[in-house]
2 protein chains.
Amino acid sequence: MTGFEINHKLLLDSHRLGRFHLCHLLLHNNAALPWFILVPETDVEDLLDLSEELRIVAMNEASNVSRFIKRELNYPKINFAAIGNVVPQLHLHVVGRRPDDPCWPAPVWGNLTETIDYSATRIDEITFSLAQRYGLDAER
Amino acid sequence: MTGFEINHKLLLDSHRLGRFHLCHLLLHNNAALPWFILVPETDVEDLLDLSEELRIVAMNEASNVSRFIKRELNYPKINFAAIGNVVPQLHLHVVGRRPDDPCWPAPVWGNLTETIDYSATRIDEITFSLAQRYGLDAER
């Protein structure tokens, strides 16, 4: 999509890791739990309004991120959501959860008060693993 | 799936409307906004762990409900989520939202304090419309 830009509020809250075929991949700034955000290159605002073809691609890319979180980061549970009441640009939350995380069992949105920063090294490790085994085209 | 049963906590919070090919359809008891819950007949607990084939069916059925909410109930925005931290059985939330709803722009989970009951007539109207035009096999 020509001229596609990721919403600035999403970028303020996250680190930009790269992209899959359809979706850009962001990592939420808060390292208290693994919280990824996929931004498909589309101007459709609701996941369920996407064409079936694009929705399949977006969900497969979200599924790659889910597998990464489960296998590499050892979180047994994934919370998945497309909300977008504040930022209308379509974006998909893929969040690793476990009973010892800082806001279990509440959903993260509006409830995650603990804040931890990622180190640059940790972001590089995550990006490298996603690029090696989960189809991410890392940002140069 | 033989012997499939919907989790009793989901049933306590909702009215059972019927089913699509894969998913049972529940309507959350709280009529403050249109909140539907799809329960696919599967023992997989995370949406992103479903096979691609089943996930496509589940998402298409959720998309039917989304179209119903937008076209028939006049809500312009849909919040979609698979959370399941409290009830592990896979269930998909499809929630109609608009700026004048009682918890906009917060997500409904944990934030919807206003409670309104559905009348039996209203539940019948919703079920009828979903069955007539959106592929629901209504409960007899």
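This is a predicted model: local features need pLDDT of at least 70, side-chain atom pairs count only at pLDDT 80 or more; totals for chains, interfaces and linings use all residues.
**Exercise 1. Compare the reach of helix α3 of chain B with the expected value.**

Solution. Step 1: the helix covers residues 120-133, which makes 14 residues. Step 2: the expected span is 1.5 Å times one less than the number of residues, and for α3(B) this gives 20 Å. Step 3: from its first C-alpha to its last, α3(B) reaches 20 Å, close to the expected figure.

**Exercise 2. Find the strands that pair with β2 of chain A and say how they run.**

Solution. Step 1: strand β1 (residues 14-19) of chain A is joined to β2(A) by five bridges, and the two run antiparallel. In this pair, A:Ser14 stands opposite A:His28. A hairpin of three residues links β1(A) to β2(A). Step 2: strand β3 (residues 35-40) of chain A also pairs with β2(A), over five bridges and in the antiparallel sense. Here A:Leu27 lies opposite A:Phe36. The hairpin from β2(A) to β3(A) has six residues.

**Exercise 3. Decide whether the faces of β2(A) are covered or open.**

Solution. Step 1: side chains in a regular strand alternate between the two faces of the sheet. Step 2: on one side of β2(A) are A:Cys23, A:Leu25 and A:Leu27, and on the other are A:His24, A:Leu26 and A:His28. Step 3: a residue counts as buried if 20 or more other C-beta atoms lie within 10 Å of its own. Six of the six residues of β2(A) (residues 23-28) are buried, and both faces are covered.

Notes:
Residues are numbered from 1 along each chain as its sequence is written. Chains are lettered from A and ligands numbered from 1 in the order in which they are written. Helices (H or I, at least four residues) and strands (E, at least two) are DSSP runs, numbered from the N terminus. A residue is buried if 20 or more other C-beta atoms lie within 10 Å of its own, exposed if 12 or fewer, and partly exposed in between; C-beta atoms are placed from the backbone. Two strands pair if DSSP finds at least two bridges between them.
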